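Here is a briefing on one protein chain. Keep the sequence and the 3D view open as you read.

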Amino acid sequence: MSKLYYGLWQDLYTLPWPGRLLIEFLIFLLAAFILCKVASKIFQILRLKKVFVKISVLIATKVLSCVGRNREWAHNLDEKVIDWGNRVMSSHFTLSSKLKKILCISVVVVYVLAILPDIPISYYFDEPIITKISMVKNTLEVWESKISFGYLSYVPVFTQSEEEKIYIQIKNLKKKIILYKEPLDKSKKIRKIEQNEKIQYQNQYKKVGKVYWLKVSLPEQNVEGWIKGTTIQKKQLETLTKEE
């Protein structure tokens, strides 16, 4: 099972960030709906729904009786809670259409915010705004790295084999190469890349001003980040970025 799971993560990491994130969100939505369906079946089979509703109503009415005592607002709210319990008891445990819409809209909004720093429209926003929006992407990438941790030691299921992987060719081995968290000079420096380390290209690059940045991974260290295109051989840079 681990081989399949981490192998699929190898396949996902061959995709550029927007496409990879879209697939992850679609999987998340599918899992959420399946989970709700399974929960509904479990509640029906074990008859947990009645127990859950009765306990909820009991706790709510007890709290209202203590807080509101004999006040009219507490009495009215108490009746609404009991009415809610009766309605829920007579209905099926399902995810409401309104909640489904809210979930879908939320996912779309988060997706747009996550990819906004990497698309051309970002140039129309001020840098402080893009920096704040980039926090969404950074958070998702941290979450992504946690659930995919260890994927580099597995073989991809559908995509490239070891022979097809692209390794970066450094222009000057004596020059210090820094792995950055983001394709920016001001970004956090993850670590210094040693001369004998393998640097695998992750099929993603970004041009910031006149400088190309390439997303890479260090397979032996299970670390990902960005390096400047000025550090790799010119011919390979032109090939990877499709520049003449």
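The points below cover a helix, ring pairs, salt bridges and a surface patch.

This is a predicted model. A search of the whole structure finds seven salt bridges. The count of aromatic pairs comes to four.

**Helix α6**

- Helix α6 runs over residues 127-147, which makes 21 residues.
- At 1.5 Å a residue, α6 should span 30 Å.
- Several residues of α6 are buried, including I130, I133, S134 and L140.
- The buried residues of α6 also include K137, N138, E141 and E144.

**Aromatic rings**

- A pair of aromatic rings is described by two things: the distance of the centres and the angle of the planes.
- Y5 and W9 both belong to helix α1 (residues 2-12). They are four residues apart, so about one helical turn separates them.
- Y5 is partly exposed, with a relative accessible area of 36%. W9 is buried, at 7%.
- Y180 and W213 form another edge-to-face pair. Here the centres are 5.2 Å apart and the planes are at 85 degrees.
- This pair links distant parts of the chain, 33 residues apart. Y180 lies in strand β1 (residues 177-180), and W213 lies in strand β4 (residues 211-218).
- Y180 counts as buried, because its relative accessibility is 9% and the limit is under 20%. W213 counts as buried too, at 2%.
- Y167 also has a charge over its ring. The charged end of K198 sits there, 5.6 Å from the ring centre.

**Salt bridges**

- K137 and E182 meet through their side chains in a salt bridge, at 4.0 Å from N to O.
- That bridge links distant parts of the chain, 45 residues apart. K137 is in helix α6, while E182 is in the loop between β1 and β2 (189-193).
- K137 is buried at 2% relative accessibility. E182 is buried at 13%.
- R191 forms a salt bridge with E197. The closest N and O atoms are 3.0 Å apart.
- R191 is partly exposed, with a relative accessible area of 24%. E197 is buried, at 11%.
- K215 and E224 are also joined by a salt bridge, at 3.9 Å from N to O.
- K215 counts as buried at 6% relative accessibility. E224 counts as partly exposed at 22%.
- R20, E24 and E144 form one network, joined by salt bridges that share partners.

**Nonpolar surface patch**

- V51, I55, I59, V63, V67, W73 and L77 make a nonpolar surface patch of about 630 Å².
- Two elements give two or more residues to the patch: α3 (48-67) and α4 (72-89).
- Which element gives the most to the nonpolar patch? Helix α3 does, with five residues.
- V63 is found in helix α3. V63 counts as partly exposed, because its relative accessibility of 45% falls between the 20% and 50% limits.

Methods:
Residues are numbered from 1 along each chain as its sequence is written. This is a predicted model: local features need pLDDT of at least 70, side-chain atom pairs count only at pLDDT 80 or more; totals for chains, interfaces and linings use all residues. Side-chain values use heavy atoms; hydrogens and water are left out. The expected span of a helix is 1.5 Å times one less than its number of residues. Buried means under 20% relative accessible area, exposed over 50%, partly exposed in between (1.4 Å probe, protein chains only). Rings of Phe, Tyr and Trp (its six-membered ring) pair if their centres lie within 6.5 Å; planes under 30 degrees apart count as stacked, over 60 as edge-to-face and the rest as tilted. A charge sits over a ring if NZ of Lys or CZ of Arg is within 6 Å of the ring centre and within 35 degrees of the ring normal. Patches are made of residues with over 30% relative accessible area and no salt bridge: like charges are joined within 9 Å, nonpolar side chains (Val, Leu, Ile, Met, Phe, Trp, Tyr) within 5 Å. Accessible areas come from the Shrake-Rupley method with a 1.4 Å probe; for residues, only the protein chains shown count as cover.
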